[in-house]
Amino acid sequence: MVTKQLSGLSDEADLRRADSLAREIFSDVANKWALLIIEALGERTLRFSELRNEVEGISHKMLTQNLRMLERNGLAERKVYPTVPPRVEYTLTGPGQALRATVDLICGWTHEYFGHIESARRRFDA
């Protein structure tokens, strides 16, 4: 992994530093729920309940926490419509869509090496 600080960037952009903002951002987006939410939102704008159905197994609490984190980091937008009850929709921002390209690569890698990893786990666990 390339973690070297690029010239001209502050220490905040250095993933090797425990106190850097870059590491905090990396930690935020590099979790299974965030990756799955980004993948789901990359297809289209979704309501909370639709997202929960798309990301099987996620709890209400985890979906809420991850959506707030994505919004805080500027990767997703939340739009509230003044209806009764309120309708809330989520969509990826430009940076969120850019991150989705990386998430797609991770998904592709998972599919490509699934059989290899499955075999290695069987051998290891035997």
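**Sheet pairing and aromatic contacts**

Strand S2 pairs with strand S3 (residues 87-92) in the antiparallel sense over 6 bridges; two strands pair if DSSP finds at least two bridges between them. Strands (E, at least two residues) and helices (H or I, at least four) are DSSP runs, numbered from the N terminus. The model is predicted: local features need pLDDT of at least 70 and side-chain atom pairs count only at pLDDT 80 or more, while totals for chains, interfaces and linings use all residues. Residues are numbered from 1 along each chain as its sequence is written, and side-chain values use heavy atoms, with hydrogens and water left out.

The open sheet has 3 strands in the order S1-S3-S2, with antiparallel pairing. Strands S1 (46-47) and S2 (76-81) are at the edges and have a single partner strand each, so one side of each lacks a neighbour in the sheet.

Arg87 lies over the face of Tyr81, at 3.9 Å from the ring centre (criterion: NZ of Lys or CZ of Arg within 6 Å of the ring centre and within 35 degrees of the ring normal).

The structure holds 1 aromatic pair. Trp109 and Tyr113 form this tilted pair, at 5.9 Å centre to centre and 45° between the planes. Rings of Phe, Tyr and Trp (its six-membered ring) pair if their centres lie within 6.5 Å; planes under 30 degrees apart count as stacked, over 60 as edge-to-face and the rest as tilted. Both Trp109 and Tyr113 belong to helix H5 (residues 94-125), 4 residues apart, about one turn of the helix. Trp109 has 46% relative accessibility and therefore counts as partly exposed, as does Tyr113 at 35% (buried is under 20% relative accessible area, exposed over 50%, partly exposed in between; 1.4 Å probe, protein chains only).
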